[in-house]
There are 2 protein chains.
Amino acid sequence: MMNRLLFKTFIIAHILCCYGAVYAQGNQHPLIFISKSDGSLINKNLSEYPLLNTSYEEAKKIADKALTEKMDVPVPKDPAGGYTHERHTNNYKEMYNAGLVYTITGDKKYADFVIKMLLIYAELIPTLKNHPESKPRSPGKLFWQPLNDANWIVYSAVAYDCVYDYASADERKKITDGAFRPMCDFITTENHYMFNLIHNHGVWACAAVGMTGLVIGDNNLVQEALYGSDKDGKSGFIAQLDKLFSPDGYYTEGPYYTRYALLPFYLFAEALQNKMPQLKIFERRNQILKKAVYAALQQTNTNGAFFPVNDDIKDKSYMTPEMVFAIDIAFAEYGQDADLLSIVTKQKKVLLNSSGLKVAEAIKNYKGALPEFPYKSVEYTDGPAGKQGGITLLRTGDDKNLTTVLFKYASHGLSHGHYDELNMLLYDDGNEILQDYGSARFLNVEQKDGGRYLPENKSFAEQTIAHNTLTVDETSQFGENEEIASEYHSDKWFSSLGGKVQVVSAKDSNAYKGIKLQRTLFLIKKEKNQKPICIDVIKVSSPKEHQYDLPFWYKGQFIAASFKYNAFTETQKPLGNKNGYQYIWNEAEGKSDNNTGALTILNGNSYYTITTTADAATQFNFLRTGASDPNFNLRSETGFLIRKNGKEQLFACVIEPHGVFNGVTEISSGSQSSINEIKTLINNDEYTGIKIIFKNKEEWTVLVANANNRMDSKHTLDVQGSSFSWNGPYTVLTNGKTFK
Amino acid sequence: MMNRLLFKTFIIAHILCCYGAVYAQGNQHPLIFISKSDGSLINKNLSEYPLLNTSYEEAKKIADKALTEKMDVPVPKDPAGGYTHERHTNNYKEMYNAGLVYTITGDKKYADFVIKMLLIYAELIPTLKNHPESKPRSPGKLFWQPLNDANWIVYSAVAYDCVYDYASADERKKITDGAFRPMCDFITTENHYMFNLIHNHGVWACAAVGMTGLVIGDNNLVQEALYGSDKDGKSGFIAQLDKLFSPDGYYTEGPYYTRYALLPFYLFAEALQNKMPQLKIFERRNQILKKAVYAALQQTNTNGAFFPVNDDIKDKSYMTPEMVFAIDIAFAEYGQDADLLSIVTKQKKVLLNSSGLKVAEAIKNYKGALPEFPYKSVEYTDGPAGKQGGITLLRTGDDKNLTTVLFKYASHGLSHGHYDELNMLLYDDGNEILQDYGSARFLNVEQKDGGRYLPENKSFAEQTIAHNTLTVDETSQFGENEEIASEYHSDKWFSSLGGKVQVVSAKDSNAYKGIKLQRTLFLIKKEKNQKPICIDVIKVSSPKEHQYDLPFWYKGQFIAASFKYNAFTETQKPLGNKNGYQYIWNEAEGKSDNNTGALTILNGNSYYTITTTADAATQFNFLRTGASDPNFNLRSETGFLIRKNGKEQLFACVIEPHGVFNGVTEISSGSQSSINEIKTLINNDEYTGIKIIFKNKEEWTVLVANANNRMDSKHTLDVQGSSFSWNGPYTVLTNGKTFK
């Protein structure tokens, strides 16, 4: 990190830049999002670029509809999903679209609409106390939470910018003093805490205040937005850019909030670039915003859905409006990369500004088929300096049949973090196979607590047992304490990406006091036309006896288990009584009598089997969420639990896609797993080794070095009568031959 | 029905026809599906018609792959989903495709392949005893059930026809005597029962035997296929055409099996048309096969999925291979109706014969956008004479936003029938909202009983409680006796389709002894841009006290209930112990304290609320399938149960789609029902009347005549201080004004 003196100098230099910039271009309107000449150019090119035209038509439709309806700026009353909430949300969208249509067409009726509505807001806002549905710590004004107020400001500022020159001086004074200044004051003072937060709420707050400052020519607001209330750079937009992303663009709250933060990041950055180009905001931290958008896209499934790391609502994908902003502006600012364009064609929409114009033009003029977004195996560090663990994505297969294993060993993820160090997820053929529950929340659904996070988010979804990682003694990691969790992260032990054998291993010794965890995940594709298999080895050791629970929360229909189980057909009870266990119905219990247990599910057009080592004491449970849930706030999801007790334990699993199922053409084949047995060869401080015996007699040996992770290390190991020697921290052998 | 003498004469005339026909064209090969000239014409037009070309390429790919692989004709051993089952299935598909590719290209390697494989079958088949996985009553040979053997014969007969002329006389003798004759003998003698069945299995069996007869020139086989083993016309293909369909094309087993039967119906009909055109098979019963395919298509959701009436697997849609056969041939034989073509473009496939050629040509040459298939409100009678009840589909909205209410008051549906008289289903916006479970079966999944119907099909899926209709005293209709159920059907009381107020009413007094049931369903779309609402009124009366249970099995996420309920959060028990109740977890129980109870769910982009009358004794339960299911054979589905006791009862419900939800763009509005209260005005032998009071104070009055269903009847009624007079068996008034 930059030392303190250097940082101060840098800030002062920046502040000087900014003042200069705002004065220099302060009077040109509109400029923060779209300029008059952008508007004319768009108008001229509507018939040229289909995507531009449909986007314009959509905006015009919204604006035209608004013009014909009775304008309503109600006194705020309802929570999210309720009338006044939705009305104010629609109002800013209408103003935003009308402002753009005015700038593109010059048709004054749209400007009149925006001014009229803003004048009504300017009368209403000064009369408002805090929103009746507010939480005391973070009051809202037009909405139940200040975050939505920031949304309102961001979009309305763009609209105001569009009509600024058209409005009379008197109207401008009324709007500026009656609507925007009080709203910004409310953010910077009443919500001082949020405004100075290094968190997505803070990004929205700074963008709102900064964009307002740029529109109304108030440098003080711009400086506060860039450098925080105290203008010392400890908070504010620049600090958010520096601290929320790792050097490679991973956003510490996780992909769901990356998406949400990228809109204000990109929109304010675009505004700054237009008004204060000398700030070179898009170059900040070696183009951190470019890295951020690509990292966000890599963290999606092939259907565009963001991986549900930390709080996440699974509806969210790269189809969301936020990603239209981020991708279009990134395309225009960062070298017009054609890899982004296929996503835009799925979004079916571009921004109505110069970025969107460039995107629409590029798509129209692209020769041949657009390349699919290049999903790849990739890993990201976490933390501002990239030193707080990270996540790894192991991938194989082409776009349609892509298999992705996600492994999380990152920092806690601020207030939206889950207690899920060493969690893993599996996606295959576009489907979610091994899932993270995401968050317990029905966004904007009035009856579900106004769309807020539900109590079950904290009591279930954040808990360790809700994740595909080890829970010790039915407690969650870090004693379920956010502050403690935020001090720690797991550490990558080694990884190798891109070959036939891809692997990542990480260790953790803080999630549970006195317990050492190491998880190693392989994704191996033996032959080009074969499906890959995932090998999952978790080593746990402690000086004391514990209960270790490893659930796999799966999506799909249970087909069969290899072991005998007893289903609780007459009475169902929760699996436990605390730390998330109380939300889980224990549907069945079983044990294996042959050292291996397997569960097969059907998901989409493929079967999946989880096979695991199991001694006589290993217990299996079939899980379903929904117990202790008096308001039915949880989705009904299914899991497979492997429970072992002891000091040292090894969970060696193979997760294997296999066979084909097609209900339309009545094809089903390969519904049986190809694996016969998994044996533990060795498991000590130095080495972990397992043998996988396939039904076709093929044998794979998997060896992991636990004490030396150097890639140039040399290892020799005699185990169960066989002798192995290899280089680097792992090796996989097929029928005795190294397989790389 | 035709009288007996007339029928005999008719049969003799037919038999004469047939003999003549077979002799006349007996030696031309191929002819049953494709002719040499068809093949040449297809070859010539491949580059002209894209759909023809992709279909050909697909067939060629299958054939080419088969040619490069080791041929395997294994001794039958496995159940469905197992290797030998799938191998023999693939074998006939490979022969079928290779035979067609040979006929199209003249490339002999494809003919050699077919002949070689048939010769191996000719050696194997005579050595085979019954399949080891057979059921004693209906043994299979190559497969576990004779139905699959019939499948094999049908496809293989087409292949044999294609290579018949190319094969040497010696090869022909071997194949005919070693493969086809024994297989046909096996069907007609060992499976004499199935062969003479008026049932989809019988259709397949007759098509198999008849098509073989046409290929090998054996008139006796053709006659048996057409007129049954005794050639008296009581069974066989003609009788199947006459008895399985109602006069308007409804297939008595329900849409799932319509689809399955349409393939042999159309394929054998096409073969008969080609070999024995004077039979005019496509004209039979005023073109019953035309009516059948349109009726089948009307019985699909907008995504093409067949409505799950009776046994049904929900994967099945008009995208299935069977519907490719039926639609292409229907298009060619019945006037080339462009309404069918949009479905073909979704199927992305045409038949490789003259029908497919015509379809591909029509699509290529169609000017403008193809019309969507015209879904409409429609009703079908059931039974050969159309006198065994029927089903009604009330529909409103355009293709994308189509709302469909299905009402079943048909006959039992043979061996695949469910005990579900007066069942209703709701589809909206392409989604299943109120569902029928369908059947408990995982088609072809080896671990799930080899893909057979699972025990839970009979014990749960067929039971009355698994359906959205009234269950009395926790027993199923007709004492769950198929024979008794087959004697009865409900009766339509009245209906009116197509207007703003659509309605259907039916009565039943046999499903439960001594109990009179009448259900009336309205689908009302008040304004063009409003969502429709469904009003559901069930009147039940009995001289004795009973418990009446009305479940609504819904798809979607529970959002809220208007009444207080107690969720069984700590212990879950089944709802009952027999007749399907044992499979249902009782998740929660509640009562209303204001005479109305409502449950709101979220499904897709819309909310749905079921509002119902409820007195202090009315009990509500939240249901989930899965209890008493030791092998997890049931899907987990949710339901809302309304329970009332008494002699006379009225269940008056409104099912209302409302609001908008979009998780991508974060839109949620209108999540609250618009209804405040439902009141019963009157409920006696003559009239049932309810009043629906909306939150906006609007009041609807719904009146149904229970004793006089004449459309020209006049009614006057004084009830609760108001006086009503109207014509016809129902009226709906909005704020006192008749609304039609």
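The sections below take up the relation of the chains, the sheets and the helix pairs in turn.

## Relation of the two chains

The model is predicted.

## The interface

Contact between the chains involves 43 residues of chain B and 43 residues of chain A. On the side of chain B that touches chain A, the elements that give two or more residues are β12 (557-561), β14 (573-574), β16 (596-603) and β22 (667-669) of chain B, and the largest share, four residues, comes from β12(B). By class, this side of chain B has 16 nonpolar, 18 polar and nine charged residues.

Of the interface residues of chain B, 100% are also interface residues in chain A, so the copies meet through the same surface.

## An eight-stranded sheet in chain A

In chain A, eight strands form an open sheet with antiparallel pairing, in the order β7-β8-β9-β10-β20-β17-β16-β12. Its edge strands are β7 (491-496) and β12 (557-561) of chain A, each of which pairs on one side only. Neighbouring strands of this sheet are turned by 15° against each other on average, when direction is ignored.

Within the order, strand β10 (residues 533-541) of chain A is paired with strand β20 (residues 649-658) of chain A over seven bridges in the antiparallel sense, and Asp536(A) stands opposite Cys653(A) in β20(A).

## A five-stranded sheet in chain B

Chain B has an open sheet of five strands, ordered β23-β24-β25-β28-β29, in which the pairing is antiparallel. At the edges stand β23 (675-683) and β29 (737-738) of chain B, each with a single partner strand, so one side of each is left without a neighbour in the sheet.

Strand β24 (residues 687-694) of chain B and strand β25 (residues 699-705) of chain B run antiparallel and are joined by seven bridges, with Lys691(B) standing opposite Thr701(B) in β25(B).

## Helices α4 and α6 of chain B

Helix α4 (residues 83-105) of chain B packs with helix α6 (residues 146-163) of chain B at an angle of about 30°, their axes lying 8 Å apart, and that makes α4(B) roughly parallel to α6(B). The crossing of α4(B) and α6(B) is left-handed.

Residues of α4(B) that make the contact include His88(B), Tyr92(B), Tyr96(B), Leu100(B) and Thr103(B), while those of α6(B) include Trp152(B), Tyr155(B), Ala159(B) and Val163(B). By class, the contact of α4(B) with α6(B) has twelve nonpolar, four polar and one charged residues.

## Helices α12 and α13 of chain B

The axes of helix α12 (residues 255-275) of chain B and helix α13 (residues 284-298) of chain B cross at roughly 150° and come within 10 Å; α12(B) and α13(B) are therefore roughly antiparallel to each other. In this pair, α12(B) passes α13(B) in a left-handed crossing.

The contact is made by Pro255(B), Thr258(B), Arg259(B), Leu262(B), Phe265(B), Tyr266(B) and Ala269(B) of α12(B), together with Leu289(B), Ala292(B), Val293(B) and Ala296(B) of α13(B). By class, the contact of α12(B) with α13(B) has nine nonpolar, one polar and one charged residues.

Note on methods:
Residues are numbered from 1 along each chain as its sequence is written. Chains are lettered from A and ligands numbered from 1 in the order in which they are written. This is a predicted model: local features need pLDDT of at least 70, side-chain atom pairs count only at pLDDT 80 or more; totals for chains, interfaces and linings use all residues. Axes are lines fitted to C-alpha atoms, for helices over the stretch in contact, and angles run from 0 to 180 degrees between N-to-C directions. Angles under 35 degrees count as roughly parallel, over 145 as roughly antiparallel, 65 to 115 as roughly perpendicular and the rest as oblique. A crossing is left-handed if the near helix is turned anticlockwise from the far one by less than a right angle, and right-handed if clockwise. Two residues are in contact if their C-beta atoms, placed from the backbone, lie within 7 Å. Ala, Val, Leu, Ile, Met, Phe, Trp, Tyr, Cys and Pro count as nonpolar, Asp, Glu, Lys and Arg as charged, and the others, Gly among them, as polar. Two strands pair if DSSP finds at least two bridges between them.
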